[in-house]
Amino acid sequence: MLRIVLAIAFIFALAGMLNGQILAGSAPIPSPAATITWEIETVDGPRHFTRLRDRTLRIDSAGQPHLAFGGDALYYAYAEAAGWRIEVVDDNPGAGEYAALALDQANQPHIGYYDWRNGVLKYAHRTAAGWQIATVDDTTYTGHYPALALDRTGYAHLAYYDWTHSALKYARWDGQGWQIQTIDTQHDAGVAVTLALDASDRPHISFFAAATATLQHALWTGSAWQVQTVDRHAGQFLSQALDRQGHPHLAYYDSANADLKYAYWDGAGWVIHVVDETDITGWYVTLTLDSFDQPHIGYYNASQASVQYTFWNGAAWQRQTVIAANNAIRALSLDLDAANQPQLSLFTEHSWDQNAIWYARPSNGFWQIELVEQSGQVGRYASLALDSAGHPQLAYYNMTSGNLAYARWTGAYWVTQIVDQAPRVGQFAHLALDRADQPHIAYYDAANGDLKYARWRANRWEYQRVDSYGQTGEYVTLALDSRNWPHLAYYDATNGDLLYAQWNGQRWRIRIVDASGDVGQYTALALDRFDYPHIAYYDATNGDLKYARWNGNGWQIATVDAEGDVGRYASLALDSAGNLHIAYYDATNGDLKYARGNGNGWQIETVAAAEDVGRYASLALDRAEQPHLAYYDATNGVLQYAYWNGAVWMQQIVDGNAQAGIDASLALDRANRPHIGYHGAIAGDLNYARARDGLPLPPTSTPTATPVPTSTPTATPVPTSTPTATPTTPPRPTVEPTATPTAPPRPPVEPTATSTTPPRPPVEPTATSTTPPRPTPAPTSTPTAPPRPTPAPTSTPTAPPRPTAPPRPIAP
């Protein structure tokens, strides 16, 4: 959802202005104000959804899956080559529960759903003009458990439960308005309800009557509803389909015996069979018929906490375990493609804010399972880059699922996807784009304490484990050289060292940059025109901001600022003359500071000083090579933006929502327009802000702070050979170690890993993963990840079956 924010930037020395009030400790300086209009939108936010049913999933004529779900809003999702695209259909809070999806002949979606905030039944369908939304029945608290079907003209029919009157109701659109009928008011009917239309568009509604604990079937004859009892003590979980003759088929749960049953009308009576009587089984049942009218059923075995799939092969039921040992399953939805191959959606729920939708399909003899959407917190460690068209791309960490995620703007909409679904990967994500606008991401694997690297190549993500020695890889930053080869600076927590890794076209070459005390947190990396690295970082032992550069022969290290506890949240940029620009946080005073180095010394000044500002600082240079900063104002919990206009610092609030601006990441486009990716902690969103218009280029003068005499680079170069180890930390070879380290190495988790002996083996280009963008969740990934995929069915029914066990006909 797009928000347009008109923010007035005031010149002041110590803070900004919030909602017309001067922030605590601020001292505005009379000066002309600059006006920037910010456009703010949510790229990826925790979508809260619940109460899904057996018609969440539908397959279109091309075999592609479509999903509808909701809870805090109604959402519609469908698969694209780059990932799942999710649209907000109805953003009214409370819209989307019990969503039922149908596709018309043009594969356009139609959705019936309950709006719990307003207590009404609603219907949405997409046209060339966009989504059209209507209220079907506004009787108080009506519209639970809707079932949806489309007739031959594409008009919608809905069966649903009226909670206020404990009644089963039916609505149809006749082209002019909604025609509503009440089917049953006597038996508390409709708490489980299904709907299908036959070739004459006559509705068949099967439902559970709670007052009598019976499964019922109702058929509209043209003048009245003909109601039959199908089975007793059955039907709490229910799914229906019609065969080519218009006969209903039902799959349902028998609560008296805790069994899964299947019933069909043979023209004279109901034929009923037990499909599965293993323990307590048959919950969340979902049924569909193939092109031969053969039944396919998905269901949940509550005793085994497993998802089962079964189909009739012409002689017997063939059963497969899709997922084992997952007690969070709350809904299933099954559909078949044109080749009669099954596709399944699964809904897992632990609580309101911990749930997920999964998509499963058979592939190469196994069920492949992927995450579609998960609620919770997203957007930490946001890293923003702009492509050659000025479109933003973002890498970030999904805290709820514990995965590395990626989003890109296509020019019309956002596409998001999970990059690495291994557990607890993606912290400290850092994104860079190559000359072909392809993403490269460095990130930390917290589960194994390793540094990882991913790149998009040939329509898939490839992965490499860069460094697995001890606990290493936090605070990683990434830069690409003139050959598009990655360079990484990062922190070795095992030894408290600053490390640097460079890809040389064949393998990773790793060096120790600084091992003097506990150094290397809050790294920032940039490459000069010779592809030499420059690194700003935090010295935790002394509380200083430090800087290291490679001169072609060795590392030169300097202390930039040593006044108080300074240097966290460092952000670094190089101008065309090779001058250094560093933004960083002064923890002693709670200030945002800026340092500029020209090779002869450092000029340091305070940009903002209002109680506690400057965390998550991000620096970029405009075309005039003047600094621009995005940062978090912790005093007021807002995102701030500052830039040097040639004479003074201009500052303003970008997003005034509570706790907006964590992990700010700034980039400037060719029009000098700032773009910022960041996390909003209260809503748990990944947000993106951009200035509507570009800023005028300032004069080329630079900030003129008093030079700090003690911060000139005086340290001696650090040789590239093996450094002398600190007595309390194990030594680390600088290129290719030959000795066994004293810190226990962490075994790689890739299937191709062969040993845990020499630490940091070279990573060859061909040793990358070939996993597609959304790999199957591993059995041990997240609490909601479906484990243990099992072989999928290898054959489909070839002849119209009828169960061979003795039937139990029940009089209509």
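**Asp481, with a relative accessible area of 4%, is a buried residue whose side chain meets that of Arg483 in a salt bridge.** Here buried stands for under 20% relative accessible area, exposed for over 50% and partly exposed for what lies in between, with a 1.4 Å probe and protein chains only. The structure is a predicted model, in which local features need pLDDT of at least 70 and side-chain atom pairs count only at pLDDT 80 or more, while totals for chains, interfaces and linings use all residues. Residues are numbered from 1 along each chain as its sequence is written, and side-chain values use heavy atoms, with hydrogens and water left out. Arg483, the partner of Asp481, is partly exposed, with a relative accessible area of 47%. The N to O distance in this pair is 4.0 Å, where a salt bridge is defined as a side-chain nitrogen of Lys or Arg within 4 Å of a carboxyl oxygen of Asp or Glu.

**The whole protein is built from strands, of which there are 59, and has zero helices.** Both kinds of element are DSSP runs numbered from the N terminus, helices being H or I runs of at least four residues and strands being E runs of at least two. Of the 812 residues of the protein, 61% count as buried, and the accessible surface comes to about 30600 Å², with 48% of it belonging to carbon and sulfur atoms; such areas come from the Shrake-Rupley method with a 1.4 Å probe, and for residues only the protein chains shown count as cover. A contact is defined by heavy atoms within 4.5 Å, and among contacts between residues at least 6 apart in sequence, 47% join residues at least 24 apart.

**Arg47, in the loop between strand E4 (34–44) and strand E5 (57–59), forms a salt bridge with Glu373.** Arg47 counts as buried at 13% relative accessibility, and Glu373 is also buried, with a relative accessible area of 9%. Leaving out residues up to four places away in sequence, Arg47 touches Asp72, Tyr75, Ile86, Asn355, Glu373 and Ser375. Of these, Tyr75 is 28 residues from Arg47 in sequence, and the two C-alpha atoms are 8.6 Å apart in space. The side chains of Arg47 and Glu373 come to 2.6 Å, N to O, in their salt bridge. Because Glu373 lies in strand E32 (residues 366–374) and Arg47 in the loop between E4 and E5, the pair ties together parts that are 326 residues apart in sequence. A search of the whole structure finds 31 salt bridges.

**Asp561 and Lys593 are joined by a salt bridge between their side chains, at 2.9 Å from N to O.** This pair links distant parts of the chain, with Asp561 in strand E48 (residues 555–561) and Lys593 in strand E51 (residues 591–597), 32 residues apart. Asp561 is buried, with a relative accessible area of 1%, and Lys593 counts as buried at 7% relative accessibility. Elsewhere, salt bridges that share partners join Arg455, Arg457, Arg460 and Glu462 into one network.

**Strands E55 (residues 638–644) and E56 pair in the antiparallel sense over six bridges.** Two strands are taken to pair if DSSP finds at least two bridges between them. Within this pairing, Tyr641 stands opposite Gln652 in E56. The hairpin of E55 and E56 has four residues between the strands, and Gly646 takes a positive phi near 105° there. Seven of the seven residues of strand E56 (residues 649–655) are buried, so this strand is largely enclosed by the rest of the structure.

**Gly543 sits in the loop between strand E46 (533–539) and strand E47 (544–550).** This glycine, Gly543, is buried, with a relative accessible area of 6%. Apart from neighbours within four places in sequence, Gly543 is in contact with Tyr538, Gly564, Asp565 and Val566. Gly543 and Gly564 are 21 residues apart in sequence, and their C-alpha atoms are 6.8 Å apart in space.

**The stretch of residues 5–33 has pLDDT under 50 throughout.** The pLDDT is the predictor's confidence in each residue, from 0 to 100. For residues 5–33 the model has 73 contacts beyond four places in sequence. Over residues 704–812 the pLDDT is likewise below 50, and this stretch has 254 contacts in the model beyond near neighbours in sequence. Where pLDDT is low, the predicted coordinates should not be read in detail. For the protein as a whole, the mean pLDDT is 84, and 81% of the residues reach 70 or more.
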